[in-house]
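Trainee: I would like to learn how to read a few features of a structure, step by step. Could we look at one together?

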Amino acid sequence: MTSTPKHDLESLNRRLLMERSVPGRVGYTLPPLDVPEQEGPPAEMLRDDLPMPEVSEGEIVRYFSQMSQANFSIDHNFYPLGSCTMKYNPKLDDEMASMPGMSEVHPRQQEAGVQGALKLMYQLQGYLAEMTGMAGASLAPMAGAEGELAGMLMTRAYHLANGDTGRKKVLIPDSAHGTNPASAAMAGFDVVPIPSDEEGNTDLAALQAAVGDDLAGFMLTQPSTLGLFDTNILEVMRVVRGAGGIVYGDGANLNALIGLVKLGDLGFDVVHSNLHKTFTQPHGGGGPGAGPVIAGERLKPFLPAPVVEMSRGPDGTERYTLGAPPQSIGKMGAFHGNFGALVRAYSYIRTLGDEGIRSVSRDAIINANYILSQLRGYYDLPYDRHCMHEVVFSARNLKRAHGVSALDVAKRLIDYGVHPPTMYFPLIVEEALMIEPTETESKETLDYFIDVMKTIAQEAAESPDLLHDAPHDTPNTRLDEAAAARRPNLRWRP
Ligand SMILES: *Cc1c(COP(=O)(O)O)cnc(C)c1O
C-alpha cells in the first residue's frame with residue numbers, strides 16, 4: 001500500500017490576499033478603449049506607495065470563499081446569541097430586497113415614481129403599529145440604539161410641549177441593555193438605575209421611591225433581558241403614569257411577544273423594534289439594521305420624519321407621500337432609513353401572515369424553556385421560573401467548584417461547532433450565559449446543544465484545562481482579548 005505524501009493545502013488556502021500576490025498578474029480583461037479618455041485625479045491626490053495585490057480572478061474567488069469559511073454564521077450552525085436573535089433569515093426575503101425595483105431605487109427619486117416603495121413603507125408602519133398596539137410608526141431610525149434615541153427625544157419634546165421643563169429623570173432597570181442609559185443620557189436626561197427584585201421583576205418599592213415630579217419616564221424591556229416577563233408590569237404602569245412619566249418599551253427583541261402580547265395594551269407609550277432581530281435581516285459584525293420607533297397616541301405627533309402618509313385622489317386612487325408629524329423631532333438621518341432592511345421585514349411579515357407570526361413567538365418560547373428544563377442542575381439558574389424567548393444561566397457553579405468561567409464554556413462550545421451564547425450580560429447575573437435558541441431551530445439541533453452543554457459541564461470537572469485553553473479546533477485558538485481591543489491589528493503590513 002502506498003501512502004499519500006502530506007501536502008499542505010491548508011496553509012496554501014489560508015494565505016492572505018497580499019501573500020497570494022505575484023507581480024504582473026491581473027484579475028481582469030478590459031476591451032480596447034472606445035470612449036474619450038478621461039483625465040485621472042490630480043497627481044497630488046494619488047499615492048504610489050499603496051501595496052495592491054496582483055492576483056487572478058480565480059485566486060480572489062478562492063480567497064474570499066476561504067475567508068467566508070473562517071467565520072461563523074447562522075447558515076453554518078446553531079447561534080444562540082441571547083438578545084441578539086440569530087434566527088434563520090429566509091432567503092426569500094433577501095431575494096425580495098435584491099429585486100431591481102427595490103435595490104436600485106434612489107432616495108432622491110420623485111414620489112410619483114416610487115409609489116410602490118412608499119406603499120411598502122406605509123404598510124410596514126401599519127403592521128408594526130398593529131403588532132405593538134401603537135398608533136403610528138416612523139421607519140427612519142437605522143438601529144435599535146437610534147430608535148431609542150428617537151423615543152427619548154420624543155419623550156423630551158412631549159414634556160416640553162406641555163410646559164413641563166423640570167422632568168429630567170429617566171429610570172432604567174439594572175438589567176437593561178447598555179444602549180438604554182446611553183440613549184437617555186444623549187437625549188439630555190439624568191439616568192437613575194432601578195434594581196430588580198429577587199424574582200427578576202422591577203423592584204416596586206425602589207420604583208415608588210424614585211418617582212416624583214422630576215420624572216420624565218421609565219425605560220423598560222419586557223420581557224426583561226433576563227428573559228423573564230415582568231409580572232409587576234401593571235403596577236409599574238400605575239406608578240410611572242401616576243407620576244406623569246412616559247413608559248418607554250425597549251422592543252429590540254419582540255420574539256416572545258409578536259402575535260401574543262401588544263406592548264400598547266400593557267400601557268407602553270412608545271417602543272422601538274429591531275427589524276434585524278425580530279423580522280429577519282442578516283446582521284452581525286455591526287451590519288445594517290433598522291430600528292423603527294412606534295408610538296401611542298400621546299407621542300405620535302412627535303415621531304421623527306419622514307413618515308409615509310396616504311391620501312386618496314378624487315377617483316379614489318391611493319397616493320403615498322413623505323410627510324412629517326406636526327410636532328416631529330426632525331430627521332434621524334439623511335433619508336428614509338435602511339430601505340433594504342425594511343423590504344426584508346415586510347416580506348417576512350407578509351409570508352408568515354397572522355398565524356405564522358404567532359407561531360414565531362410560541363416556538364421561540366417553547367424552545368427556550370426546553371433548554372431551560374434540560375440544563376437545569378448542570379448550570380445554575382439564578383431565576384428559576386418559566387422564561388420567555390431566552391434563558392439566562394450562570395456558570396458560577398463551575399467557577400466555584402472547578403475554576404471554569406462562562407468565557408471558558410463559551411470558548412469550548414466553538415470546538416463543538418456552536419457559536420457562544422451572550423456572556424456576562426445582563427450584568428446583574430454573575431458568570432452569565434444568555435441563551436436564545438430562536439424559533440427556527442429543530443429539536444435535533446437543540447438536543448445536540450443540550451448534549452454538548454452537559455458534556456462541557458462534565459469536562460469542567462474532569463479536565464478544566466481543556467476548557468481554559470479552548471477553542472482547540474479553530475484557525476485561531478484562544479485570543480488575547482485585551483490586546484485585540486487595545487492594539488487591534490486591522491491592516492496587512494509587509
Ligand atoms: C440589540 C439590543 C439593543 C440595541 O440595538 P442595536 O440595533 O444593536 O443598536 C437594545 N436593546 C436590546 C434589549 C437589544 O437586545
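Mentor: Let us begin with a definition: a residue is called buried under 20% relative accessible area, exposed over 50%, and partly exposed in between, with a 1.4 Å probe and protein chains only. This is a predicted model, in which local features need pLDDT of at least 70 and side-chain atom pairs count only at pLDDT 80 or more, while totals for chains, interfaces and linings use all residues. Residues are numbered from 1 along each chain as its sequence is written, and side-chain values use heavy atoms, leaving out hydrogens and water.

Trainee: Is Arg358 buried, exposed or partly exposed?

Mentor: Arg358 has a relative accessible area of 22%, so it is partly exposed, whereas Asp354, at 58%, is exposed.

Trainee: How do the side chains of Asp354 and Arg358 meet?

Mentor: In general, side chains of opposite charge can pair when their charged atoms come close. A salt bridge is a side-chain nitrogen of Lys or Arg within 4 Å of a carboxyl oxygen of Asp or Glu, and Asp354 and Arg358 form one at 2.9 Å, N to O. Both residues lie in helix H12 (residues 339-375), four residues apart, which is about one turn of the helix; helices (H or I, at least four residues) and strands (E, at least two) are DSSP runs, numbered from the N terminus. Asp354 and Arg358 also belong to a network of salt bridges that includes Glu355 and Arg362.

Trainee: Which parts does the salt bridge between Lys262 and Glu130 tie together?

Mentor: The side chains of Lys262 and Glu130 meet at 3.1 Å, N to O. Lys262 lies in the loop between strand E5 (246-251) and helix H10 (263-266), and Glu130 in helix H5 (residues 115-132), so the pair ties together parts that are 132 residues apart in sequence.

Trainee: Which residues surround the ligand?

Mentor: A residue counts as near a molecule if one of its heavy atoms lies within 4 Å of it, and the residues around the ligand include Ser83, Glu148, Asp250, His276 and Lys277. A polar contact is a pair of N or O atoms within 3.5 Å; a polar side-chain atom of Asp250 lies 2.6 Å from a nitrogen atom of the ligand, and one of His276 lies 2.8 Å from an oxygen atom of the ligand.

Trainee: Which element gives the largest share of the shell around the ligand?

Mentor: Helix H6 does, with three residues.

Note on methods:
A polar contact is a pair of N or O atoms within 3.5 Å; within protein, one must be able to donate a hydrogen and the other to accept it, and residues adjacent in sequence count only if both atoms are side-chain atoms.
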